[in-house]
Amino acid sequence: NSSNFDEVKDTNSIRLRQQEIACEWDNIEYKLQNDEFWLFLHEIGNDRYARIDFLFELIEKCDLLRLFRDKADPEKIDQQQKKNTVGDDRYRTFRYYYEYFRKDRSIQKIDEAWKKGIKKYFSILEEWYNDLKAYHYIGYLIEYGHDIPSLIKLWDDSETKDDFIKSLKAEIKEITDNCPKVFKEDGSDKQKAKPVLLFHNIQTVINQNNIGADKKSQYGLGVFYKFPFHLYKKESWDVEHIDSNCTNDLSDSSTQKEWLINVYHSTDKCVQQKILAFFNDSDELTEENRTMLFNEIKESLGPDFEHGEKSASQKNLINNYCLLDSSTNRSYGNAIFSAKRRIIIGKDQGKYYGIPQLTKHNRLVVPEDTEAASAFVPPCTRQVFMKYYSSMMTYANYWTEQDAEAYENDIDNCLAQLEK
């Protein structure tokens, strides 16, 4: 507003300064409108028409212009004085700035409020976003309840960026240390694994970037991949069993049917025809013939499709859990490893592989494969189903104890980096 430049007589100078601030303001708002940036710092639902309002609110909340400092300790805010002056309703940010400019509306005061306030703290947030470790550790901590004012304080209290990263890792360690690795046999508490599984994903991304650091330096490249917190937050994520939570030994008809449905897409056309016959030729098959046909199918697939070997306690360890969005989780329910693996590959390829369904007449209907939007799959989830952690590729369609141990070792190695 031109009236805020009282001591400036040159209208051209006023107009130039107005344009400079307006341009910088617009640039900040433009960057905040990018969901990759905004959802790195905020949860879904924390939105407003002008996102730059968040910065003004941050400055008021933390008294970053230092209007209400405790006389005995200038690093503390006199909260009572602040409340008495600006209140605690929705207009407190306006009153905060009104108080700041009440006695002095000089160009120096305006520049101080803009440069040492909005621009300074936006630059800090942008620096966090562009730093490989800060971005991932801050994104993680915000997911688990830390707010930006508390992170600003950690930043201000740190002498160097390395000190800041160490402080972030210490905060994360407090969270992950409280996560169990063994869960109830019914899996009712499996969500407690999520903090460790999410950290495993973000530390994996950091490690992958660090491994290629020499090449990036050689070719002048920056960070080539960041964990997409905006996608993680836009979808509802579940902790899901890698191997089915079912512990049956395929000895009864209902579990045999479930197993055949789940292996259908992982077999060749010849076996698929036999599976269809098992369900759809039921009027022509005796019970003995159906049993023989099931055994024939099972034997033709071999040990790569073994199922039901683990106890319930083994199935509810952290090495049998991964992250997956809830829509995919619901789509395959209690499917075995091979069925889940196919669906994960399909998500990456932009295809939907429909799981065969039983009609009310117990006939098997196989949906056609359809094109679908390619979906984000967390890196560690993808690597689990690609058997990335295993030193030897055995039983591609079955999650073995060796696979589970190798996966857990990688989780432990990532957690150990919090102490470095």
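**Entry 1. Terms and overall view**

I take helices as DSSP runs of H or I with at least four residues, numbered from the N terminus. With that in hand, I placed Pro 74 in the loop between α3 (53-61) and α4 (79-86). I note at the outset that I am reading a predicted model.

I then looked up the chain as a whole. I found 20 helices and six strands. Of its 420 residues, 48% count as buried. Among contacts with a separation of 6 or more, I read that 68% join residues 24 or more positions apart.

**Entry 2. The α3-α4 loop**

I returned to Pro 74, which is partly exposed at a relative accessible area of 43%. Leaving aside residues up to four places away in sequence, I list Arg 66 and Arg 69 as what Pro 74 touches. Arg 66 also sits in the loop between α3 and α4, and it is partly exposed at 42% relative accessibility. I checked its backbone as well: phi of Arg 66 is near 60°, a positive value in a residue other than glycine.

Which residues of α5 are buried? In this helix (residues 92-101), I noted Thr 93, Tyr 96, Tyr 97 and Tyr 100 as buried. Their arc around the axis is only 90°, so they lie on the same side of α5. I traced the packing of the buried residues of α5 to α3, α4 and α6 (107-130).

On the other side of α5, I recorded Phe 94 and Tyr 98 as exposed. Together with Tyr 91, these two make a nonpolar surface patch of about 400 Å². Tyr 91 belongs to the loop between α4 and α5 and is partly exposed, with a relative accessibility of 47%.

**Entry 3. Strands β1 and β2**

I looked up the burial of strand β1 (residues 237-241): five of its five residues are buried, so the rest of the structure largely encloses this strand. Trp 237, Val 239 and His 241 point one way from β1, while Asp 238 and Glu 240 point the other way. I found β1 paired with β2 (residues 321-325) in the antiparallel sense, over five bridges. Within that pairing, I assigned Leu 323 of β2 as the bridge partner of Val 239.

Is Thr 204 buried or exposed? I placed the residue in helix α10 (residues 194-211). The relative accessible area of Thr 204 is 7%, which is under 20%, so I count this residue as buried. Beyond residues up to four places away in sequence, Thr 204 touches Cys 380, Gln 383, Asp 410 and Cys 414.

I next turned to Lys 387, in the loop between α19 (379-385) and α20 (401-416). This lysine is buried, with a relative accessible area of 5%. Its phi is near 60°, again a positive value in a residue other than glycine.

**Entry 4. Charged pairs**

Side chains of opposite charge can pair when their charged atoms come close. I counted 29 salt bridges in the model and looked up several of them.

Glu 24 pairs with Lys 119, and their closest N and O atoms are 3.2 Å apart. This pair links distant parts of the chain, with Glu 24 in helix α1 (residues 11-32) and Lys 119 in helix α6, 95 residues apart. I note that Glu 24 is partly exposed at 25%, as is Lys 119 at 28%.

Lys 274 and Glu 296 form another salt bridge, with the closest N and O atoms 2.7 Å apart. Here I find a link between helix α14 (residues 269-280), which holds Lys 274, and helix α15 (residues 287-301), which holds Glu 296, the two residues being 22 residues apart. Lys 274 is partly exposed at 23% relative accessibility, and Glu 296 is partly exposed at 38%.

I also recorded the salt bridge of Arg 102 with Glu 99, whose closest N and O atoms are 3.2 Å apart. Arg 102 is partly exposed at 46%, and Glu 99 is partly exposed at 25%.

Lastly, I noted a network of salt bridges that links Asp 35, Asp 47, Arg 51 and Lys 234.

**Entry 5. Glu 127**

Not counting residues up to four places away in sequence, Glu 127 touches Trp 155 and Lys 161.

Terms used:
Residues are numbered from 1 along each chain as its sequence is written. This is a predicted model: local features need pLDDT of at least 70, side-chain atom pairs count only at pLDDT 80 or more; totals for chains, interfaces and linings use all residues. Side-chain values use heavy atoms; hydrogens and water are left out. Buried means under 20% relative accessible area, exposed over 50%, partly exposed in between (1.4 Å probe, protein chains only). Contact means heavy atoms within 4.5 Å. Two strands pair if DSSP finds at least two bridges between them. The arc is that of the directions from the helix axis to the C-beta atoms. Patches are made of residues with over 30% relative accessible area and no salt bridge: like charges are joined within 9 Å, nonpolar side chains (Val, Leu, Ile, Met, Phe, Trp, Tyr) within 5 Å. Accessible areas come from the Shrake-Rupley method with a 1.4 Å probe; for residues, only the protein chains shown count as cover. A salt bridge is a side-chain nitrogen of Lys or Arg within 4 Å of a carboxyl oxygen of Asp or Glu.
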